[in-house]
Amino acid sequence: MENNKYYAFISYSRKDKKVANWLHTQLEKYGYPKDLVNVELLPPHEKYMRPIFLDTKDMQVEERPFTDRIQSALENSRFLLLISSRNAAKSSFVDKEIRYFLKTHDNNYSLIIPLFVDEVTDDSIPIAIKKTSIMERHFPIYNTLLSEESEANKYCLYQIVAYMLGVNFSDIYNRYEAYSSIKRNRVRKRIWFVVSTLVVIAASLGMAWYEGLKVIGNF
């Protein structure tokens, strides 16, 4: 396992901060299947896929210039998570972050993971990754028209998780579906318990009411 301070650095345009925040939150709370991950790909945290660097959450007041802090975080991140969109493609900061990451990671394009927003179009691809081996991949696409918890966006998340952990996507997604099934069964059991309890209470009240009427009838 490489000695990186951060498991990944999220590069994005501030106009896409909602997607960046979603990705950061989802990854940092994801409990990964340690038994399926090769030791060299394990995140720094023993249980969750963290820490993930996001400037709005990780930047602290220091004497060093802003650019130095960003460069340090890029140097000490294993992966670069790139929120690719028309906004990102126009951002000089995103371009600089990509190029600096490549410079400090032996131009290893396999360490850059693009997450496209809504669609993959020519004007949503940052210049620094155009015509590179990255563009030969199948990309995860976040759909802004759907809820964050939608199946489509969960599918997108687990594509990223599987790539970062070096685990087969079906293993990751099947794990999610199994967990979801267990969760649904728990909810059903709770609903059944509440309904059954209400039925018993209603029956008891009905019997008490009936017995009350009998007593009144005897007067």
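Predicted model: local features only at pLDDT ≥ 70, side-chain atom pairs only at ≥ 80, totals over all residues.
Residues are numbered from 1 along each chain as its sequence is written, and side-chain values use heavy atoms, with hydrogens and water left out.

The protein has seven helices and five strands (DSSP runs: H or I of at least four residues for helices, E of at least two for strands, numbered from the N terminus). Read from the N terminus, they go β-α-β-α-α-β-α-α-β-β-α-α.

Now for the sheet: it's open, with its five strands in the order β2-β1-β3-β4-β5 and parallel pairing (strands pair if DSSP finds at least two bridges between them). At the edges sit β2 (52-53) and β5 (141-142), each pairing on one side only. Strands β1 (residues 6-11) and β3 (residues 77-84) run parallel and are joined by five bridges. Helix α6 also packs on the sheet, touching β1, β3, β4 and β5, and its direction makes about 170° with that of β4 (contact means heavy atoms within 4.5 Å; axes are lines fitted to C-alpha atoms, for helices over the stretch in contact, with angles from 0 to 180 degrees between N-to-C directions).

As for burial, 39% of the 219 residues count as buried (under 20% relative accessible area, 1.4 Å probe, protein chains only). Setting aside residues up to four places away in sequence, Met164 touches Tyr7, Ala8, Leu27, Leu41, Met49, Phe79, Leu81 and Ile113.

Terms used: Buried < 20%, exposed > 50% of the residue type's maximum accessible area, 1.4 Å probe, protein only.
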